Amino acid sequence: MISDIDIQAILVTLKLSALTVLILLVVSIPLAWWLAHTRSRFKVSVETVTALPLVLPPTVLGFYLLVFMGAQGPLGKFWIELTGQPLSFSFTGLVIASCIYSLPFVVQPIQAAFERLDKSAIEAAWTLGASRAKAFLTVVLPQSRRGLITAIVLGFAHTMGEFGVVLMVGGNIAGETKVVSIAIYEHVEVLEYASAHMLAALLLVFSFVVLFIVYGMNRRMQMGFHQ
Amino acid sequence: MTQLDIDIELKRKEFQLDLQISLPESGITALLGPSGSGKSTALRVIAGLEKPQQGMIKRGQRTWFDAEKKVFLPPQQRRLGMVFQDYALFEHLTVAENVAYGLPKEARDYHVNYWLKHLHIEEYAERYPANLSGGQRQRVALARCMAIEPDLLLLDEPFSAVDLSLRQTLRYQLKELVKDVNRPVLIVSHHLEDARYLADNVGVMVEGQLLQFGKTAEVFANPVCYTVAKILGWENFLHIDEIAGTTVKGKWGSLTLDEEPHIEMRWLSIRPEHVRIAIQGQSGLTATIEEITDYGVYRSVKCILQDGTIIHMHRAWDEPLPIEGSTVSLHLPLVNIKTLPSYIQSIKAYPKEKFKNISPALSQTS
């Protein structure tokens with residue numbers, strides 16, 4: 001059956017993915033809005049940096065993150081001064097790395113949704129007396145919901161599946177930084193195929209169920225508007 | 001209720017809007033003009049969706065915009081109803097929720113019910129906008145902004161998204177709706193019929209400038225220049241090459257007018273319904289009948305003068321006409337001929353008195 005260590009790995013993975021998506025939503029919604037509407041000359045640079053994790057090999061990204069967050073790195077040093085704890089090989093460090101690694105998967109669908117928005121609907125809300133904040137919450141977000149759901153699903157799934165970055169930055173500390181993908185790799189390395197199967201199948205089923213529910217919800221919403 | 005005063009200047013890279021206009025306390029005003037003339041931008045400026053560089057906008061006692069005093073009320077505080085070109089309905093809300101959007105909670109039910117009923121859309125209350133026809137969508141958009149009891153109603157090309165067959169019905173409904181609304185209504189359109197049927201006053205805009213403004217019938221009957229005349233559907237234009245006393249000459253021939261036209265006059269114009277075939281003893285311009293098109297109650301005759309200028313003539317369906325290809329003499333009654341300058345600067349640059357001096361045709365009929 002599933003060992004305690006494996007269960008811990010599952011819990012760490014879920015916690016990591018959920019936290020990453022939550023933080024990324026908070027960061028990505030304003031960032032995506034800015035990218036969708038700015039005419040600034042920095043737009044291209046920011047877009048490029050945001051998309052970098054898509055094309056960088058995870059080990060390259062992981063390596064630089066490790067340098068950056070290590071005890072001698074700028075962020076690592078600062079973190080030690082602030083908390084007394086090192087950032088590398090900790091769950092917190094893993095969350096930061098995951099956020100950077102999964103950023104494009106969350107930003108891009110939201111940005112695309114914002115770019116598709118009916119600008120006049122927002123202006124109509126303003127002329128009807130809605131403050132900018134109210135218009136954003138009651139018109140922009142609902143009309144972008146498909147992009148938001150896509151962003152959540154992609155961000156969650158991508159974080160769950162990450163391997164290279166985790167290995168570089170988080171290492172393999174049970175209950176702290178050991179995630180399912182690393183646990184599977186370890187099982188395979190020592191030829192424990194049955195345990196590897198269990199975890200792999202679990203990830204597969206979980207991913208399937210989540211996607212199925214999301215697509216089902218999307219379809220229902222769409223149908224609702226067209227009945 | 002007092003009127004709406006606008007005097008604004010907005011500069012863009014390749015476009016400048018310069019508008020000075022006062023709307024009466026109630027009634028419909030239409031802004032006509034080709035696309036790119038700035039009429040939609042004008043509407044957006046009034047709504048507070050664009051900020052001009054100069055000028056002021058006042059609605060009654062309230063200042064909505066004053067560049068010098070640095071006053072700029074955002075659209076939220078202007079309390080106006082705007083119907084957007086594509087209606088801009090909230091696709092994720094039902095019809096009833098759309099209408100309720102701008103209302104405070106306690107007043108919601110009453111007003112939503114009232115406006116749904118008033119505009120005959122109660123049966124669609126629970127539907128989503130995607131499942132409505134163009135005409136129904138327009139009524140939802142109207143109900144949504146009427147529900148907040150706006151001080152001013154703005155409509156941007158309100159009929160552009162509906163079939164031609166529906167237009168007349170919707171125009172009628174709109175006229176009925178605003179009839180008992182005691183506040184200014186401003187419509188932007190490039191359809192002459194919208195203005196003719198709906199508007200009490202008409203403004204004509206070209207390249208960001210207001211070239212003419214006045215009572216609808218007056219504006220349609222007395223365009224101030226060639227450009228405006230073309231926009232208002234005038235068809236027949238004879239270019240003036242030379243003015244000698246009361247006689248004007250062009251490649252098409254010459255005509256002697258009642259009065260000597262002003263030196264700036266460059267065109268003669270006459271509406272197709274005023275052109276007729278000269279009877280014996282009447283002077284006329286020699287033309288060839290190119291084509292006769294039957295429109296039922298009238299026939300449109302396309303004539304070509306010797307220099308190639310085309311003159312359209314509308315005659316009653318039962319009036320006998322020479323056959324296509326025959327040569328005729330066209331009579332242009334002097335009383336119906338307008339003399340026009342090619343183009344005028346904005347109204348600001350051309351005060352009314354000057355118009356009268358330069359346009360005998362204008363002062364003659366008014």
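A crossing of two helices is left-handed if the near helix is turned anticlockwise from the far one by less than a right angle, and right-handed if clockwise. The model is predicted: local features need pLDDT of at least 70, side-chain atom pairs count only at pLDDT 80 or more, and totals for chains, interfaces and linings use all residues. Residues are numbered from 1 along each chain as its sequence is written, and chains are lettered from A in the order in which they are written.

**Exercise 1.** Determine how helix 6 and helix 7 of chain A pack.

*Solution.*
Step 1. Helices are DSSP runs of H or I with at least four residues, numbered from the N terminus; helix 6 of chain A spans residues 119-127 and helix 7 of chain A residues 132-143.
Step 2. Their axes (lines fitted to C-alpha atoms over the stretch in contact, with angles from 0 to 180 degrees between N-to-C directions) lie 10 Å apart at an angle of about 160°.
Step 3. Helix 6 of chain A is therefore roughly antiparallel to helix 7 of chain A, a term for angles over 145 degrees.
Step 4. The crossing of these two helices of chain A is right-handed.

**Exercise 2.** Describe the side of chain A that touches chain B.

*Solution.*
Step 1. With contact defined as C-beta atoms, placed from the backbone, within 7 Å, 18 residues of chain A meet 20 residues of chain B.
Step 2. Helix 6 of chain A gives the most to this side, 7 residues.
Step 3. By class, this side of chain A holds 9 nonpolar (Ala, Val, Leu, Ile, Met, Phe, Trp, Tyr, Cys, Pro), 2 charged (Asp, Glu, Lys, Arg) and 7 polar residues (the others, Gly among them).

Notes. Angles under 35 degrees count as roughly parallel, over 145 as roughly antiparallel, 65 to 115 as roughly perpendicular and the rest as oblique. Two residues are in contact if their C-beta atoms, placed from the backbone, lie within 7 Å.
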